Amino acid sequence: MKISVIGTGYVGLVSGTCFAQMGNSVTCVDIDEGKIAKLRQGIIPIYEPGLETMVLENHEKGTLAFTTDIQEAIASTDVAFIAVGTPMGEDGSADLQYVLAVAKSIGEHMQHYMVVVDKSTVPVGTADKVKAAIQTELDKRGVDLEFDVVSNPEFLKEGAAIEDFMHPDRVVIGAESETAMQVMHDLYAPFMKKSDRFIGMDIKSAEMTKYAANAMLATKISFMNEMANICERVGADVNKVRHGIGSDGRIGYSFIYPGCGYGGSCFPKDVQALAKTAKDFGYTPRILDAVEAVNYDQKMVMADKVIKRFGEELSGLTFAVWGLAFKPETDDMREASSITIINALTTRGAKIKAYDPKARHEAESYYLKGNERVEYVDSKYDALTGADALILVTEWQEFRSPDFDEIDKRLNSPIFFDGRNQFDKERMARLGFEYFQIGV
Ligand SMILES: NC(=O)c1ccc[n+]([C@@H]2O[C@H](COP(=O)([O-])OP(=O)(O)OC[C@H]3O[C@@H](n4cnc5c(N)ncnc54)[C@H](O)[C@@H]3O)[C@@H](O)[C@H]2O)c1
Ligand SMILES: O=c1ccn([C@@H]2O[C@H](COP(=O)(O)OP(=O)(O)O[C@H]3O[C@H](CO)[C@@H](O)[C@H](O)[C@H]3O)[C@@H](O)[C@H]2O)c(=O)[nH]1
């Protein structure tokens with residue numbers, strides 16, 4: 001099929017590349033000229049395992065093109081995906097300006113029937129707005145063209161995006177017309193050779209499914225963080241409790257890892273957007289509000305432990321931070337817990353020596369830009385030299401089996417704050433560390 005993907009960010013670039021890998025002819029569109037110029041030169045703007053090779057291969061073959069010209073891109077398109085951002089507005093709702101701007105452009109340039117697919121995460125009812133925006137432009141042009149708008153929420157996780165897209169747990173499609181549903185089934189069938197995981201439904205239910213999935217996952221995390229905070233106060237160990245409950249198949253082991261809060265471009269904004277939608281429709285979403293409130297506080301738990309140990313005034317102290325990205329295997333720092341923790345410590349006078357395998361550029365250029373108390377280093381051990389304690393924020397694999405002798409040798413004293421509960425507390429005690437975890 002001939003496909004356009006409008007918005008070439010994490011989702012657009014991964015989706016476009018995977019569709020090309022499956023033999024489709026794909027054009028990725030973005031308004032960011034710098035990004036498109038880089039992609040044309042084979043420079044990949046984000047870090048995502050396996051993505052670079054796949055982009056380069058398909059770009060070279062001619063199955064994956066990049067442009068800023070939406071008119072050219074949709075001229076011969078069968079399916080146009082909208083994959084632009086839906087950031088959080090000031091009142092917590094999803095900001096639809098980018099989605100509707102793309103819909104308008106599609107209406108301005110469409111020349112034949114096509115399926116317009118909303119892949120961005122959008123509130124229930126957005127497909128109707130997209131449809132109306134396209135129709136308004138067609139009416140202005142005085143042309144009578146048929147088109148279908150479909151909802152196809154994306155469930156990929158950053159850091160495992162290619163694997164998730166190539167082998168999806170499910171493909172959810174919300175469509176009104178049989179033609180559009182069939183087109184989407186044909187497009188996704190090659191990704192579901194082992195078992196058909198295609199779930200067709202009405203558009204509103206598809207839009208809601210995305211928010212319900214993220215809200216459920218975020219709820220599991222906040223629930224577990226709350227259990228951790230209770231464990232800590234009553235003298236229980238949340239790591240043991242996690243094993244204890246996860247073995248019940250109804251609960252399961254996934255997404256019950258306590259830590260210093262969830263971040264990323266999705267859970268924080270999607271939980272709040274769904275809560276806002278609920279309120280707009282006259283319902284008070286007590287669980288969603290609590291999920292967000294627990295997470296907000298949880299991002300401070302590690303910083304609070306540092307302050308409790310060293311005091312409110314941290315001038316003259318230096319802390320090594322391992323991990324800046326919101327999770328391992330990505331350079332994405334959107335809503336990362338590291339930002340909250342580092343800012344809390346530096347505003348109290350501390351200095352930070354930070355190391356992350358991939359997110360240094362994001363931190364320096366955007367998320368911690370201007371914070372002169374943060375020094376970036378090129379290796380995990382360099383971060384420790386002369387530091388008063390180590391704080392582990394993101395559980396990259398290279399932090400899982402560190403050389404503890406080296407940590408001990410480089411730190412001023414062997415003090416370790418572990419925001420992701422990576423190690424066994426008895427072992428850490430044997431190694432001579434003053435070791436702090438979440439929920440223990
Ligand atoms: N990042 C994820 O892991 C993930 C997973 C599932 C769903 N989503 C959802 O997918 C959507 C996109 O998220 P993302 O993380 O890929 O965003 P992103 O910010 O990485 O990328 C969005 C891109 O859209 C471009 N853009 C904006 N307006 C445009 C326009 N008019 N025409 C063409 N391009 C335009 C931007 O320049 C940017 O490159 C969001 O709704 C998000 O909630 C994200
Ligand atoms: O047990 C857990 C699991 C995750 N996290 C944290 O939760 C956040 C999000 O992690 P993850 O879900 O793995 O990453 P995302 O890339 O944000 O993916 C989520 O958000 C995407 C965007 O909507 C969805 O497509 C995915 O299905 C959904 O998992 C990260 O900060 C993790 O550290 C925990 O604290 N404990």
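Tutor: The discussion below takes up a pocket and then a ligand site in this predicted model.

Student: What is the volume of the second largest pocket, and which residues line it?

Tutor: One begins with the volume and then turns to the lining. The second largest pocket has a volume of about 240 Å³. Its lining consists of Asn229, Glu232, Arg233, Val301, Asp304, Lys305, Lys308, Arg309 and Phe436. Two or more lining residues come from each of helix 9 (203-234) and helix 13 (301-310), and helix 13 supplies the largest share, five residues.

Student: How many residues of each class are in the lining of this second largest pocket?

Tutor: The lining comprises six charged, two nonpolar and one polar residues. Domain 2 (211-297) and domain 3 (299-436) each contribute at least three residues to the lining of this pocket.

Student: Which residues are closest to ligand 2?

Tutor: Ligand 2 is surrounded by 20 residues, and the closest are Phe155, Leu156, Lys210, Asn214 and Cys266.

Student: Which polar side-chain atom lies 2.8 Å from an oxygen atom of ligand 2?

Tutor: That atom belongs to Asn214. Backbone atoms also take part: a polar one of Tyr257 is 2.9 Å from an oxygen atom of ligand 2, and one of Ile256 is 3.4 Å from a ligand 2 oxygen atom. Of the 700 Å² of accessible area that ligand 2 has on its own, the protein covers 91%.

Student: Which elements give two or more residues to the shell around ligand 2?

Tutor: They are helix 9 and helix 11 (267-280); helix 9 gives the most, with four residues. By class, the shell holds eleven nonpolar, seven charged and two polar residues.

Technical notes:
Residues numbered from 1 in each chain as written. Chains lettered and ligands numbered in written order. Predicted model: local features only at pLDDT ≥ 70, side-chain atom pairs only at ≥ 80, totals over all residues. Heavy atoms only, no water. 1 Å grid on protein atoms, 1.4 Å probe; cavity = no way out; pocket = protein on both sides within 12 Å on 5 of 7 lines; lining within 4 Å. Points joined across faces, edges and corners; volume = space filled by probe spheres on them. Nonpolar A, V, L, I, M, F, W, Y, C, P; charged D, E, K, R; others polar. Domains from an automatic or database assignment. Near = heavy atom within 4 Å. Polar contact = N/O pair within 3.5 Å; in protein donor to acceptor, adjacent residues only side chain to side chain. Areas by Shrake-Rupley, 256 points an atom, 1.4 Å probe, with all protein chains shown as cover.
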